[in-house]
Amino acid sequence: MATHKAPPAAESTKRARVDAAPEAPSKRARVDAALAAQLEEHRCPITLELMVDPVVAPDGRLYEREAITRWLDATDRVVVGRSPATNNMMVGELVAVHPVRNAIQALIEGGCVAPEDEAPWQMRRGRMLEARGDRAGAATCFERARALGYEDDALLLLREAAAACPDAK
């Protein structure tokens, strides 16, 4: 029985197809891409920063509470004004979205956020905690921001928080 060898042209065509096939991204690359996409979904469309106190507005979109209330010149809960995303009128309430807030915090605590995104988040979170009376939590955030290289206001706010709270370090 005679075996037939494929002609040289057929072999080179097959080899070219194999060589041209793109490599599948590694599992790590896919995870990193998914993580980056999630981080982008957790940015306020007004400030473009990771949200500290995310709320859903009557237009169905997520915003940083401080940014959307400033945009609408609204009270903390009642909204009457135009959507920054659609320019349609919005009437209703801002509703806190705790699962999103917790997801962002988990990503930060897990080291999944770049320092240039984490430092301003820590500063804004520290200011929010300080406004709510949690000076020890605020001091922790300010210290972390400072450790990440955010020097502008971090040291001043850290010292103020520490002076006002004897158990803050």
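Within helix H5 of this predicted model, the buried residues are Glu-118, Ala-119, Pro-120, Trp-121, Gln-122, Met-123, Arg-124, Arg-125, Gly-126, Met-128, Leu-129 and Glu-130. The helix as a whole is mostly covered, since 12 of its 17 residues are buried. H5 takes in residues 115-131, and at 1.5 Å a residue these 17 residues should span 24 Å, which agrees with the 24 Å that separates its end C-alpha atoms.

After H5 comes Gly-133, which has a positive phi, near 95°. Helix H6 covers residues 135-147, and its axis comes within 8 Å of the axis of H5, the two crossing at roughly 165°. Angles over 145 degrees count as roughly antiparallel, and H5 and H6 are therefore roughly antiparallel to each other. The crossing of these two helices is left-handed.

The model also holds an open sheet, in which 3 strands follow the order E2-E1-E5 with antiparallel pairing. Strand E2 (62-64) and strand E5 (95-96) stand at the edges with a single partner strand each, so one side of each is left without a neighbour in the sheet. Strands of a sheet pair through backbone hydrogen bonds, either parallel or antiparallel. Strand E1, made of residues 54-56, runs antiparallel to E5 and is joined to it by 2 bridges; in this pairing, Val-55 stands opposite Ala-96 of E5.

Most residues other than glycine have a negative phi, and most peptide bonds are trans. Leu-48, however, has a positive phi, near 65°, and Asn-87 likewise has a positive phi, near 65°. The table sets out where each residue lies and how accessible it is.

| Residue | Phi | Place | Relative accessible area |

How confident is the prediction in the chain? The mean pLDDT of the chain is 82, and 75% of its residues reach 70 or more. Confidence is highest in E1, at a mean of 96, and lowest in helix H1 (residues 8-20), where the mean is 53.

Methods: Residues numbered from 1 in each chain as written. Predicted model: local features only at pLDDT ≥ 70, side-chain atom pairs only at ≥ 80, totals over all residues. Heavy atoms only, no water. Pairing = 2+ DSSP bridges. Helix = DSSP H or I, 4+ residues; strand = E, 2+ residues; numbered from the N terminus. pLDDT = per-residue confidence, 0-100. Expected span 1.5 Å × (residues − 1). Buried < 20%, exposed > 50% of the residue type's maximum accessible area, 1.4 Å probe, protein only. Axes fitted to C-alpha atoms, helices over the stretch in contact; angles between N-to-C directions. Parallel < 35°, antiparallel > 145°, perpendicular 65-115°, else oblique. Left-handed = near helix turned anticlockwise from the far one by under 90°.
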